[in-house]
There are 2 protein chains.
Amino acid sequence: MYRDSNLRTILKTISWRFTATATTVTLVYLFTGQIRTAIEVGLLELVAKMIIYYVHEKGWARLKFGRVEIPAYVIWITGMPYSGKTTLGNMLAESLEKDQRKIQRLDSHTVRALFPETGFSREEVNRHIKRVGHLASILEKNGIIAIASFVSPYAESREFVRGLCNNFVEVHLQSTAEYARQFDKDGFFERIDKGEIKDVPGVDRPYEHCENTEMTFDMRRNSLRQVHDAVLAYVRKSYN
Amino acid sequence: MYRDSNLRTILKTISWRFTATATTVTLVYLFTGQIRTAIEVGLLELVAKMIIYYVHEKGWARLKFGRVEIPAYVIWITGMPYSGKTTLGNMLAESLEKDQRKIQRLDSHTVRALFPETGFSREEVNRHIKRVGHLASILEKNGIIAIASFVSPYAESREFVRGLCNNFVEVHLQSTAEYARQFDKDGFFERIDKGEIKDVPGVDRPYEHCENTEMTFDMRRNSLRQVHDAVLAYVRKSYN
């Protein structure tokens, strides 16, 4: 929550008075033709009204009426490994922070302390994603924008999370194993080639697309910057 | 996040103009002695300055300077079963919501969807409390007041949670099995008597007090209303 500092109110008071007293002096001069009277009225007004304005500002700051809450939402970035989810999530978080919004990034790193046990069976993955979804919805209900980036390959758990949230934006970064491989600096695809890693969505297991997905981007045709700009424009337009 | 609605700014504009123009008319009359001139200046000022004021307000609303964030904090209510933790947590949440603060209640009910598996061994309880603490600290860092009510009998996990949070207020509701029994409408103590429930902190297992605890209330000497008032006064004074 925010409040106006006293210094903010003081500076606002001065900036208003400068504007307003200039108007008064002009008006009095135009009506009376007396420059001396105009300046005298202006000077007295300068002092009296600054005090009155400051008190008026502080009074309104205590009043709830007309304070509109800007809605929060959940951006859920999904796609196969090395499709750009984490980078996109970080780029969006950075841009939205500049809008003075509260952001919480959710990725495997963030939620490790909360939900450490993650298996790779369909059931375990779905359970993990549903828990992250619960967390995202708690954040959203409290006015925080949650930006989640998870492979989340199963339609079932993604739809479950959508059901928990008020404003849910699913962003699917569509890629192929051939294309994603170039972004792999960890030897992930080499280990797949050697048979050390199996059951990878988008590689040897299907990624389940949803009909509901707000935005799907073919990453072979879109740069992350283009995707970022599109998602940012979408949420700013939808939830402001 | 909040913004001022246009209606709020319009009403604020009118309330200010009423105050300010009355001052101007008085000043002009005092200086010129002409009631007609005073009213003419007043009328023209009325229209011109309302427009200028509205624009000035909207301009300042875009400016970040002097917007001070009011800090969030974690209220951690701990104590043996039936010491009044949940009721106190709900009372505090209700009062703080009236202050237009964002509140998230955390109790066993809230966190069930996030952390379902809860055993009763020392290790399991500590792990559960630490996870809840991670959640509380995420909320606090995003400006939300977290009010947690858990038995949390072990000093180790409570101190761990304190370390995660910026502003941590531990409230210990101290009770005895004899006293707590009167609030038990669930037959909990009967089942202890029959030997069906064991290892209950404060009954047949020690509750570990911390030296750091901000506030400890002997519930045999304090009503929940008194405790509520004391905690509320403390957090309002410490974090505003």
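## Domains and conventions

In this predicted model, chain A comprises domain 1, covering 6-61, and domain 2, covering 74-238, with bounds that come from an automatic or database domain assignment. Taken over C-alpha atoms, the centres of domain 1 of chain A and domain 2 of chain A are separated by 54 Å.

Residues are numbered from 1 along each chain as its sequence is written, while chains are lettered from A and ligands numbered from 1 in the order in which they are written. Local features need pLDDT of at least 70 and side-chain atom pairs count only at pLDDT 80 or more, whereas totals for chains, interfaces and linings use all residues, and side-chain values use heavy atoms, with hydrogens and water left out.

## The open sheet of chain B

Chain B holds an open sheet of five strands in the order E4-E5-E3-E6-E7, with parallel pairing; strands are DSSP runs of E with at least two residues, helices are runs of H or I with at least four residues, and both are numbered from the N terminus. Two strands pair if DSSP finds at least two bridges between them. The edges are formed by strand E4 (103-106) and strand E7 (215-218) of chain B, each of which pairs on one side only, and the twist from one strand to the next averages 15°. E3(B) and strand E6 (residues 168-174) of chain B run parallel and are joined by six bridges, and Val171(B) in E6(B) is the bridge partner of Ile77(B).

Helix H3 (residues 85-98) of chain B packs on the sheet, where it touches E3, E4, strand E5 (145-149) and E6 of chain B, and its direction makes about 160° with that of E3(B). Contact here means heavy atoms within 4.5 Å, and angles run from 0 to 180 degrees between N-to-C directions, with axes as lines fitted to C-alpha atoms, for helices over the stretch in contact. Helix H6 (residues 155-164) of chain B lies across E3 and E6 of chain B, running at about 155° to E6(B).

## Aromatic pairs

Over all chains, a search of the whole structure finds 20 aromatic pairs, defined for rings of Phe, Tyr and Trp (its six-membered ring) with centres within 6.5 Å, where planes under 30 degrees apart count as stacked, over 60 as edge-to-face and the rest as tilted. The rings of Trp16(B) and Tyr53(B) are stacked, because their centres are 6.4 Å apart and their planes lie at 20°. This pair links distant parts of the chain, 37 residues apart, with Trp16(B) in helix H1 (residues 6-32) and Tyr53(B) in helix H2 (residues 35-61) of chain B. Trp16(B) and Tyr53(B) are both buried (under 20% relative accessible area, with exposed over 50% and partly exposed in between, for a 1.4 Å probe and protein chains only).

A stacked pair is also formed by Tyr73(B) and Tyr239(B), at 4.9 Å centre to centre and 25° between the planes. Tyr73(B) lies in the loop between strand E2 (67-69) and strand E3 (74-79) of chain B and Tyr239(B) in the segment after helix H9 (224-238) of chain B, so the pair ties together parts that are 166 residues apart in sequence. Tyr73(B) is buried at a relative accessible area of 2%, and Tyr239(B) is buried at 12%. Ring pairs also link Trp16(A), Tyr53(A), Trp16(B) and Tyr53(B) into a cluster.

## Positive phi in chain A

Asp199(A), although not a glycine, has a positive phi of about 55°. Asp199(A) lies in the loop between helix H8 (188-193) and strand E7 (215-218) of chain A, and is partly exposed, with a relative accessible area of 46%.
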